[in-house]
Amino acid sequence: MKQSIKIGLVLGLVAAAALGLGRFVEAQGAKEETPTVSAEHAQKDVLKMAAEKNLHVYINLRSGKEYSGKVKEAASHAVVLKNPTGREFYEVYIPLDAIASVEIKVRDR
């Protein structure tokens, strides 16, 4: 009987430690470097950063149309958005010369 209590206690401690470690790793991941945008950056550089950090972006086109979603790929001539808002099963190819501005959330309150 006493051995089963010890085993239960050990299993409980292991589970608690694993849960605590998971939360610690999650908290460390949340402290990643916040993205910054500078006037020195080219559009493609901002879009590549958004792709690397898996950030949600808003892309405003010169025509006035807006797309939002996560950047799948950014190259020197175009960007591809995956799962754009409202069209989750699509991807959008946007030539860079059609883009008027790119909006990225860089921090929380």
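1. Two residues are in contact when heavy atoms of each lie within 4.5 Å. The model discussed here is predicted. Leaving aside neighbours within four places in sequence, Ser68 is in contact with His56, Val57, Tyr58, Leu81, Pro84 and Thr85.

2. Ser68 belongs to strand β2. Is Ser68 buried or exposed? Its relative accessibility is 10%, and buried means under 20%, so Ser68 counts as buried. One of its contacts is polar: the side chain of Ser68 meets the side chain of Thr85 at 2.8 Å.

3. Val71 touches Leu47, Ala50, Ala51, Leu55, Val57, Val79, Val80, Leu81 and Lys82, with residues up to four places away in sequence not counted. Val57 and Leu81 are also on the contact list of Ser68.

4. The largest nonpolar core has 17 residues. Among those with the most contacts inside this core are Val71, Leu47 and Val79. Helix α2 (43–52) and the strands β1 (56–61), β2, β3 (78–82), β4 and β5 (99–104) each supply at least two core residues. Which of these elements gives the largest share? That is α2, with four residues.

5. Side chains of opposite charge can pair when their charged atoms come close. The structure holds one salt bridge. It joins Lys72 and Glu91, whose closest N and O atoms are 3.0 Å apart. Lys72 lies in strand β2 (residues 66–74) and Glu91 in strand β4 (residues 91–95), so the pair ties together parts 19 residues apart in sequence.

Technical notes. Residues are numbered from 1 along each chain as its sequence is written. This is a predicted model: local features need pLDDT of at least 70, side-chain atom pairs count only at pLDDT 80 or more; totals for chains, interfaces and linings use all residues. Side-chain values use heavy atoms; hydrogens and water are left out. A salt bridge is a side-chain nitrogen of Lys or Arg within 4 Å of a carboxyl oxygen of Asp or Glu. Buried means under 20% relative accessible area, exposed over 50%, partly exposed in between (1.4 Å probe, protein chains only). A polar contact is a pair of N or O atoms within 3.5 Å; within protein, one must be able to donate a hydrogen and the other to accept it, and residues adjacent in sequence count only if both atoms are side-chain atoms. A nonpolar core is a set of buried Ala, Val, Leu, Ile, Met, Phe, Trp, Tyr and Cys residues joined through side-chain atoms within 4.5 Å.
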